[in-house]
Amino acid sequence: MKQSAKRYSPLRSAFIGGAMATTAALSVFGPVWCREVKAALQDSPKAIVDQVWQLVNREYVDGSFNNQDWLNARKTLLSKNYTSREQAYTAVRQALKRLEDPYTRFMDPQEYQTLTSQTSGEVSGIGIRMEVNKATGLLTVVEALENSPALKAGIKEGDVIVAIDGKPTKNMEIEDASKLIRGKVGSSINLRLERLLQGKFDVKLTRATIEVPTVRYTLKKEGNRKVGYIRLREFSAHAAEQMERAIRKLNASNVDGFVMDLRGNPGGLLNASIEIARMWLDEGSIVRTEDRKGGSELTKANKTALTNRPLVVLVDGNSASASEILTGALKDNKRATVIGSKTFGKALVQSVHELTDGSGVAITIAHYYTPQGTDINKKGITPDIEMDLTVSQRRQLATNPRLLGTNKDPHYSRALSILSNNYFASQEQNQYSRKPSPFRTR
């Protein structure tokens, strides 16, 4: 991730997601730590325990540590002998629970690796999306990703995956199939597929690093108007560049307005949310962060907006963290109309540290506020137009995601009506001038 020319800020390598986000550099501890735990360094599990304590002691946003005696907690932790890493991990988790902060958490090596893979926006595999076909119960290819080994091998939507390296997939869960398909870059995998009118056939592929698509976009023709629909699933390391490609391609198609769908987006990288906000905003503040010492950092737009066309943002109760930073910036600057349910309400920033044994710890290091200074923590952002879906509507969209961004999607339909009424033209405070829009009611 890029860092600014000014002094280094820990927020530059931070995450804010409900689905936790990025890896900060492994901290370098000073001579005090080295002197005090010299003996503990001979005992690797104990060293991990104290390493976590030191990081929390130095960075945690609440200087009172939830009114806990954090110094005494260290004495208690180091007074114990740990015969295994698992014992040390348990002790660390119990100590962190005293902070009553679900976002400050310890991760064992496997959990930490899962986190870094998720937030990198990359996986090692063959590049397919799968589902269990509801009608047949068979493991089926939904999509072969762009530039992937699967696409190059001719794998198509609708192909049934009969076996993975000889292991039958009947009654196999998606996650279990994913574990079999992922593997070391350069290693081989054999799939037995079945295709309509072709029957069964085998394909041998070589695993590669795949960029996971977190941004999906579609040019929609609604009557005589063009709408750019963009769905952002999470703020991964590749989210900003994918968003930029989406906006540029839709701009090239001369869209009349945009609908950006952040529903269900749990968050992710702080920098990704800022970069994406700048694609929609030429001027104005984006977010203000504040650490435990009261140090404040205000991030602003930098005149790099890619479009000034009308924008509607869709949110729900699972739109969290980085989604709320982006939504708050667009809403407070009157750049977008926000439609949906009140958002999740997470206004905390975490940093992530890799520990010496491959485990990791996420630590809340700052609180953030929207451009108008609103604290949304545990409150969420109230949309401009509140619109809660019924249980049946939510179930329908959840069981058939292809209905998202269609006229059978109530939030999207309402977004079209907002664009059609040329809502933005009536906002006198809007800083963007626009040519006459075909969305104007005639």
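## Terms and model

A residue is called buried when its relative accessible area is under 20%, exposed when it is over 50%, and partly exposed in between (1.4 Å probe, protein chains only). Phe106, at 4% relative accessibility, is therefore buried.

This is a predicted model, in which local features need pLDDT of at least 70, side-chain atom pairs count only at pLDDT 80 or more, and totals for chains, interfaces and linings use all residues. Residues are numbered from 1 along each chain as its sequence is written, and side-chain values use heavy atoms, leaving out hydrogens and water.

## Aromatic pairs

Let's look at the rings. Rings of Phe, Tyr and Trp (its six-membered ring) pair if their centres lie within 6.5 Å; planes under 30 degrees apart count as stacked, over 60 as edge-to-face and the rest as tilted. The structure holds six aromatic pairs. One of them joins Tyr89 and Phe106, tilted at 45 degrees between the planes and 4.8 Å centre to centre. Tyr89 belongs to helix H4 (residues 85-97) and Phe106 to strand S2 (residues 105-107), so this pair ties together parts 17 residues apart in sequence. Helices (H or I, at least four residues) and strands (E, at least two) are DSSP runs, numbered from the N terminus. Tyr89 is buried too, with a relative accessible area of 7%.

Phe258 and Trp280 have ring centres 5.1 Å apart and planes at 85 degrees, so their pair is edge-to-face. Both Phe258 and Trp280 are buried.

## A cluster and a charge

Trp53, Tyr60, Phe65 and Trp70 make up one aromatic cluster.

A charge sits over a ring if NZ of Lys or CZ of Arg is within 6 Å of the ring centre and within 35 degrees of the ring normal. Lys220 lies over the face of Tyr229, 5.7 Å from the ring centre. The charged end of Lys220 also sits over the ring of Tyr412, at 5.8 Å from its centre.
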